[in-house]
Amino acid sequence: MSIQEFYYVMTDLWDQLALTESAKLKACGAYIERREQQRLVQFLTALRSDFEGLRGSIMHRSPLPFVDSVVNELLAEEIRLQSYSEKSILSALNPSILAVSSKQFSNHHHKPYTKVGFDECSFCKQKSHWKAQCPKLRQQNQA
């Protein structure tokens, strides 16, 4: 259940409970403040353990915020956790490492990558030597 769905369920319950309150209680500011604090605690303690860090930071605030103001923080955290979870799943499905050199080793960096054979030079595309022994590359570097 998402944070938004859980919030709707809880507000429905709280609204039903509020119908049982007497008019005198509804007029008492101290009672309303206490009721809101209880709602916040109920809401936070019923959250999944994924929200433990944020729950702790909210519970240590003084004064305690209202549930309505906390919901936006929880929604943002839920999105962050979903994003993190999706990234973990993607990286588990496709483990790869991107390594990029900060130096350019040749003037042919603008050419698209083409696959070369095992015994083929990646610079001049001739067989019988590799790029490290390429005579054409040596001539170009000496010039």
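Q: What makes the contact between the side chains of Glu36 and Arg35 a salt bridge?
A: In this predicted model, the N to O distance between Glu36 and Arg35 is 3.7 Å. A salt bridge requires a side-chain nitrogen of Lys or Arg within 4 Å of a carboxyl oxygen of Asp or Glu, so the pair Glu36 and Arg35 qualifies. Both residues are buried.

Q: Which residues are linked with Arg35 and Glu36 in a network of salt bridges?
A: The network joins Glu21, Arg35, Glu36 and Arg39.

Q: Why is Arg48 called partly exposed?
A: Its relative accessibility is 39%. Partly exposed lies between the limits of under 20% for buried and over 50% for exposed, therefore Arg48 falls in that class. Asp50, at 44%, is likewise partly exposed. Arg48 and Asp50 form a salt bridge, with their closest N and O atoms 3.4 Å apart.

Q: How do you know that Arg61 and Glu73 meet in a salt bridge?
A: Their N to O distance is 2.7 Å, and the criterion is within 4 Å, so the label applies. This pair links distant parts of the chain: Arg61 lies in the loop between helix H4 (52-59) and helix H5 (67-93), whereas Glu73 lies in helix H5, 12 residues apart.

Q: How many salt bridges does the structure hold?
A: The structure holds seven.

Definitions and conventions: Residues are numbered from 1 along each chain as its sequence is written. This is a predicted model: local features need pLDDT of at least 70, side-chain atom pairs count only at pLDDT 80 or more; totals for chains, interfaces and linings use all residues. Side-chain values use heavy atoms; hydrogens and water are left out. Buried means under 20% relative accessible area, exposed over 50%, partly exposed in between (1.4 Å probe, protein chains only). Helices (H or I, at least four residues) and strands (E, at least two) are DSSP runs, numbered from the N terminus.
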